[in-house]
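I opened this model to look up aromatic contacts and a few helix details. My notes follow in the order I took them.

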Amino acid sequence: MGATLSLGALLAAQLSGSSAWSGMAATMSTLGAALVAVPLARLAQRRGRSRSLATGSLIAGSGAVLAITSVAVDTFPLLLLALMLLGAGSATNLQARFAATDLASTQFRARDLSIVVWSTTIGAVLGPNLFGPGEVVGTALGLPPLTGAFAFSLIATVGAAVVYTVGLRPDPLLTALAAREVDPFGGTRRGGLAIVRANPQARFAVAVIAFSHATMVALMSMAPVHLRDHGATLTLVGLTISLHVAGMYALSPVFGALADRLGRMPVILLGQALLLASLAIFWLAGESQTAMTVGLILLGLGWSASVVAGSALIAEAVDVHDRAALQGFSDLSMNGAGALGGALAGLVLSAVGYSGLGLVTMVLAVVIVVWSVMRGTAARPFVR
């Protein structure tokens with residue numbers, strides 16, 4: 001997903017004839033992830049995680065095929081549709097973390113979830129290195145320039161669909177439903193929005209994930225622009241973003257273990273403290289490249305702690321028959337908040353600079369901290 005998103009930005013500029021459209025790659029991918037989050041969650045509730053995750057992977061695979069086709073026929077709108085379909089891969093990866101919680105014990109639920117999140121580190125490191133091999137493969141297959149990596153995406157998504165279909169047995173969600181004597185194919189269930197309206201813990205957990213993601217996307221998306229404007233080389237920009245991504249994923253099992261040992265709320269507060277520390281650095285020392293690097297690492301760590309603990313809280317906020325609906329709504333909110341944060345960040349950056357952006361986004365973290373204190377650090381999960 002990381003490799004194709006970067007290539008999508010290049011192809012968007014190429015097919016549209018203007019670099020101003022390059023940002024549409026991330027926008028359409030995020031929009032696609034948001035649009036399929038709830039339908040995939042409903043499919044999981046009705047037919048199981050295996051079918052839902054396999055379906056999401058195949059949708060993303062069809063996006064890879066369309067991306068190659070769009071370049072071959074030189075059609076920009078078709079590329080936008082392809083990128084939207086590829087966004088289903090991101091939504092599928094997000095929902096895969098919840099599959100790890102369906103049969104997990106309360107004692108290890110956050111740890112199990114965090115291991116799935118951690119695996120993203122492997123893709124984040126390997127993805128950008130597929131550009132060169134992708135071009136070699138694309139040339140051998142007679143594909144248009146810059147589309148070879150999409151062939152890897154097709155292989156990866158089809159492979160993932162096979163693993164989900166064959167390897168995810170027994171289906172964790174259907175097994176959990178059966179264990180609680182809930183008919184997996186029937187019964188009255190609530191939608192995610194209805195759950196959030198009625199359940200304070202669900203509402204809080206969704207807000208933690210959405211606000212933390214919006215904060216991270218807003219600062220991370222503008223960081224390359226800010227660094228380049230202050231004289232950073234492309235090599236330094238790439239290294240800084242890589243360290244940020246490592247902060248997002250590499251230590252997620254640590255935060256998962258802490259959430260199991262200390263509780264969800266203390267780790268959420270730790271995550272918000274890390275976010276606030278990073279934002280304070282951006283506000284006070286955003287002109288320094290060293291400070292930017294430290295701040296982006298802390299930003300990634302804060303995101304990781306907040307999302308891992310918040311996701312565990314999501315899994316425990318409702319009983320198993322409503323779990324998939326809430327998880328789908330949470331992913332929808334997360335992607336929507338990220339898209340909004342990225343879109344508004346450019347306007348804020350133009351108005352008050354990167355230091356001002358850090359100060360403005362502190363509001364989101366402060367809201368979660370105040371909300372956490374009001375809830376009390378001894379909040380008990382609904383499902384044990």
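I checked Phe-204 for burial, and this residue is buried, with a relative accessible area of 0%. The model is predicted, so I take this as a computed value.

In one of them, the rings of Phe-204 and Trp-371 have centres 5.5 Å apart and planes at 75°. I noted that pair as edge-to-face, because an angle over 60 degrees counts as such.

I looked up where the two residues sit. Phe-204 belongs to helix α10 (residues 200-229) and Trp-371 to helix α15 (residues 320-375), so the pair ties together parts 167 residues apart in sequence. Trp-371 is partly exposed, at a relative accessible area of 25%.

Next I took the pair of Phe-282 and Tyr-354, which is also edge-to-face, at 5.3 Å centre to centre and 80° between the planes. Phe-282 lies in helix α13 (residues 264-285) and Tyr-354 in helix α15, so this pair links parts of the chain 72 residues apart. I found both Phe-282 and Tyr-354 buried.

I went back to Phe-204 to see what lies over its face. Arg-375 does, at 4.8 Å from the ring centre.

Last, I checked helix α3 (residues 49-73), which has 25 residues. From first C-alpha to last, helix α3 reaches 36 Å, close to the 36 Å expected at 1.5 Å a residue. Just after α3, I noted a positive phi of about 55° at Asp-74.

Technical notes: Residues are numbered from 1 along each chain as its sequence is written. This is a predicted model: local features need pLDDT of at least 70, side-chain atom pairs count only at pLDDT 80 or more; totals for chains, interfaces and linings use all residues. Side-chain values use heavy atoms; hydrogens and water are left out. Rings of Phe, Tyr and Trp (its six-membered ring) pair if their centres lie within 6.5 Å; planes under 30 degrees apart count as stacked, over 60 as edge-to-face and the rest as tilted. Helices (H or I, at least four residues) and strands (E, at least two) are DSSP runs, numbered from the N terminus. Buried means under 20% relative accessible area, exposed over 50%, partly exposed in between (1.4 Å probe, protein chains only). A charge sits over a ring if NZ of Lys or CZ of Arg is within 6 Å of the ring centre and within 35 degrees of the ring normal. The expected span of a helix is 1.5 Å times one less than its number of residues.
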